[in-house]
Structure formats: C-alpha cells, structure tokens
4 protein chains.
Amino acid sequence: MKKFSTTVRVRYQETDAMGVVYYANYLVWFEIVRTEYLRSLGFPYKEIESRGAYLMVAEAHCEYLAPARYDDVIEIQTWISSVKNCSLAFEYNLFLEKKLISKGRTNHVFVNRDGKPVKVPADLRPLLTSAA
Amino acid sequence: MKKFSTTVRVRYQETDAMGVVYYANYLVWFEIVRTEYLRSLGFPYKEIESRGAYLMVAEAHCEYLAPARYDDVIEIQTWISSVKNCSLAFEYNLFLEKKLISKGRTNHVFVNRDGKPVKVPADLRPLLTSAA
Amino acid sequence: MKKFSTTVRVRYQETDAMGVVYYANYLVWFEIVRTEYLRSLGFPYKEIESRGAYLMVAEAHCEYLAPARYDDVIEIQTWISSVKNCSLAFEYNLFLEKKLISKGRTNHVFVNRDGKPVKVPADLRPLLTSAA
Amino acid sequence: MKKFSTTVRVRYQETDAMGVVYYANYLVWFEIVRTEYLRSLGFPYKEIESRGAYLMVAEAHCEYLAPARYDDVIEIQTWISSVKNCSLAFEYNLFLEKKLISKGRTNHVFVNRDGKPVKVPADLRPLLTSAA
C-alpha cells in the first residue's frame, strides 16, 4: 500500500467564526490530495475526464480530532484502500505538526457523461491495484 | 423522534465542472438545517454560542445517491438520533422532487471557548431529548 | 428602473475567523439575486443556459461599508443599470436591518458555448431594457 | 514598487457548472497572495492579528479577461499601490501560461477588535511604504 502526501496552507476563506477551519473544507482537501496522487501515478484526473470518465463520489466520511487554524500547514496523506470493478476507495490522514488531526475515507464510482457506472479505465487499473 | 425540514435552492457557486453540486457542499446544507432546527426548538445556535458553548463537529458522514444541479430545490430533513452527556448526533435525508438523493449523519461535541468538552446546556437538554 | 430584492440568511460556512462574512461571499449573494431577478422577469437563468447562452462575468466591484455576521438576514437589492448589444450590468445594495452595508456592480457578457460574445437573446432583450 | 508572485492550482471545488473558475474565487486568490506577500516582508498576517489589528476589506474590484479551468496553474502577482494613515491598497494581475487573465484591486482599512479604524502598525509602515 503506497501512501502519498501533499500539503495545504489554511486559507482565511476556509476558516469560520469559531476561529477554526470549517468542517466541509476537509472534503476539499481530500479532493486536492486525490488529484495530486493520481497525477503522481501518471494519470492526471483532467486526462481521465477528457476521455469521458468521471470519478463520482458515492460516500464520504470524516473524523475531526483536533482543529486547524488560519495559516496552519496541513499534511494530507492518502492511500487507495480498495479497487473494485467500477469503484475505488481512498483513505486519508491529516497531520498538523506531525499530530493526527483528522481521518477520512471516500468511495468513488467511475461513471460516463450520462452518469452510468463504467469500469475503471483499463490502463489506470494496474496502476491503482499496484498502489492499493 | 421529531423530523424537521427546510429547503435550499442550489447556488451556481455550489456546482462544479461536472455540472453537479460539489460534494463538500452537502455538509454546508447539513449545517443549515441544524441551524433552522435548533431555531425551531427555541434555541438559535447564535444564542448558544453567545453563552460560550460551541457545537464542534466530531464526525461527518454522507452518502451520495443521485446528483443535484444548479437551481434545483432540495428538501433537507433532519432529526436528532442521539443525545449523550456532552454530545449530540443528527441524521439527514436530502430529497429532490420527493426522491431521496443523499443520506448523512454528523456527531457533535459541546465545547467551551477553549475547546474543552462541556455538558449539553441544561435548558437545552430536555428540548433535545424530547425531540430525539 | 425596477428594483428587485431577495434575502439570504448568513451561513456559518460564509463567516471567517474575524467573525464576519468573508468578503468573496458577497459576490455569491450578487449571483443569487441575479438568478431570482431573472426568474421574476420570466427568464430563469437555467433556461437561458439550456439554449446555449451564458452570462459570463466581465467585471465585479464591491464596497464593504459594515460587516455582516452569522445568522444575520441580509436584504439584497438589485437593478439593471445598462443593457448593450452583447452585455448587461447589474447594481446591488445590501441591507442589514434597513442599514446599507454594501454596494456592488457586475458587468456581464453573453457568450456561446465556445466563449464567443453573442447578442442578448432576442426575447430577453425587451424584458431587460424595460426593467433598466 | 516591488511585485510579488505566488501560484495556485485550480481546485475542482473552485470550478462551476460553466466549466470555469467561479468568479468569487478570484477574491480568495487575492487573499492568498496578500498573505504570502506580507509573510515575505517579514510580517505574517497571523502575527498582525495576534496584536489585535485586522486588515478589513473596504473595496474589491476584479476584471475577468479570460477563464481559468480545473487544474490550471495560475500565477498571482500583487503589489502595494497605496499606503495611507489607516489604509492600504493592493493591485493584482493573474496569469495563465504568461497570459494576463484577470486584473484586480482591493482597498483595506486597519481596524481593532471593535472594528474601529487604527493606524497602520508602526513597525509595518516602513516595510509597506518602501514596497509601494
């Protein structure tokens, strides 16, 4: 199982009146690390879409263990936890100064332009399974 | 178990390049119906905060069953599924033209200004437990 | 010149660590009142798009006179200040409890799917000019 | 006049159903480059806030010359165009592959925790004026 990490710096826009990062933004960060992970595997998500395959989110889960604040640098770690016929699951760990602050998971289904499930693209599958 | 509903109309800002509502925005809608539900119980969240109690999110979960698009009117239904010493859980159903398009759940902990867990405010507890 | 108003209630997600509404969100509100205004003229923006015409933003301007906070109810007023061959301008006033808190302006160009400027749709033009 | 640049990669969340970056997000990017510029001058905005001074936005203006799309890398350039007693103005140019796609301007007022205008912090002023 290969792990992949990237970092984000908390934007003022991502904070809320409680002085911490608004909870929905963790899902935005999950998307960022997915994008960068697929790029690192040689498959930028933009290219997957340009062939008419879309990675729809079927399920998202997030645990919030400690808050993040404006200007914090967050390490977002991801790995692929499952590859099936038409679907794919990612897990995530978020770290602030080496401390785990959040854990997450998303399940995705590959769909075509009409939203119908399609198989994982043939040339992407071996890369995903070897990474999982 | 009392159910409470409100509606949102999908904003252009909430859509993404796939032509559907971006997945993180469902958590924003969960927040909206929580706010309106607490208001309907006679406890606007703003008043809870003004006493120094904050409803931190500890966990969020969302299933995406069918997409929502720009200008769609979404019915967001919520109910309280558990009330404990310091914590509270909500569940959610989202409907588009009476069709269930998403299911969600959030767990919350009451904390003080320093982020330390505190008990559910005494005058709020009976309202929450009778609604659960 | 016809004026049109709608209201929004400030979402927690729209606030920032300063405890006020994050400045970019005023442009989201401008979009909401434009959408509702076009609907009130009998031309939902979704229908305009379904014919292949898009109202691209060419310019946006906003003045922030007083802050807005979580749960505030904001009245957003708009009117059409100019209709040209391919373009359209809206102005905005935002009120909190009858007090003007923001003024804005956006200029738009009608474009086709390829982003090329096109004339204001023929059946929409008389409605816009009579409203301006 | 010193110019400062940073880059952002367009997030899926920042796109809309038109397939381009939603217009309000340009103001988020302006905030990012302001943050990085102040850091480069030795004055992280977080430190300014920790002393009780806040850089409120009084006015924002943005011109949209060409669209940006998912995964594009945008160069955001900023410079300080004016420093007054209590206020500060930034200008911005956005580039996609060396092509200017947007121009912007924001005016800011330094305020205290109560939102009252205060003078530009004494040790920050010389850095700002020498950069302007």
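Two strands are taken to pair if DSSP finds at least two bridges between them, and helices (H or I, at least four residues) and strands (E, at least two) are DSSP runs, numbered from the N terminus. The model described here is predicted, so that local features need pLDDT of at least 70 and side-chain atom pairs count only at pLDDT 80 or more, whereas totals for chains, interfaces and linings use all residues. Residues are numbered from 1 along each chain as its sequence is written, while chains are lettered from A and ligands numbered from 1 in the order in which they are written.

The fold of one chain is considered before the contacts between chains. The secondary structure of chain A comes to three helices and five strands, which follow one another from the N terminus in the order β-α-α-β-β-β-β-α. The C-alpha trace of chain A spans about 45 × 30 × 20 Å along its principal axes. Its radius of gyration, 15 Å, agrees with the value near 14 Å that a compact globule of 132 residues would have; the radius is taken over C-alpha atoms, and the globule rule is 2.2 Å times the number of residues to the power 0.38. Of the 132 residues of chain A, 39% count as buried, where a residue is buried if 20 or more other C-beta atoms, placed from the backbone, lie within 10 Å of its own, exposed if 12 or fewer do, and partly exposed in between. Among the contacts in chain A with a separation of 6 or more, 66% join residues 24 or more positions apart, a contact being counted if the C-beta atoms of two residues, placed from the backbone, lie within 7 Å.

The contact between chains A and B takes 17 residues from chain B and 17 residues from chain A. On the side of chain B that touches chain A, the elements that give two or more residues are α1 and β2 (54-64) of chain B, and β2(B) gives the most, with nine residues. The residues of this side divide into twelve nonpolar, three polar and two charged; Ala, Val, Leu, Ile, Met, Phe, Trp, Tyr, Cys and Pro count as nonpolar, Asp, Glu, Lys and Arg as charged, and the others, Gly among them, as polar. Strand β2 (residues 54-64) of chain A is joined to β2(B) by five bridges, and the two strands run antiparallel. Within this pairing, A:Glu63 has B:Glu59 as its bridge partner, and A:Glu59 has B:Glu63. Strand β2(B) is also joined within chain B, by ten bridges, to strand β5 (residues 99-111), again in an antiparallel run, and here the bridge partner of B:Ala60 is B:Thr106 in β5(B).

Chain B can be laid on chain A with an RMSD of 0.0 Å by a turn of 180° and a shift of 0.0 Å along the axis, the copies being superposed by least squares on the C-alpha atoms of residues with pLDDT of at least 70 in both. In chain B, the C-alpha nearest the axis is that of B:His61, at 2.2 Å. Because 100% of the interface residues of chain B are also interface residues in chain A, the copies meet through the same surface.

Chains C and D were examined in the same terms. Their contact takes 17 residues from chain D and 17 residues from chain C; on the side of chain D that touches chain C, α1 (25-40) and β2 (54-64) of chain D are the elements that give two or more residues, and the largest share, nine residues, comes from β2(D). Strand β2 (residues 54-64) of chain C pairs with β2(D) in the antiparallel sense over five bridges, and C:Ala60 stands opposite D:Cys62.

The nonpolar interior was then considered. A nonpolar core is a set of buried Ala, Val, Leu, Ile, Met, Phe, Trp, Tyr and Cys residues joined through C-beta atoms within 7 Å, and in the largest such core, of 148 residues, A:Leu27, B:Leu27, C:Leu27 and D:Leu27 touch the most other members. Leaving aside its neighbours within four places in sequence, B:Leu27 is in contact with A:Tyr23, A:Ala24, A:Leu27, B:Ala60 and B:Cys62.
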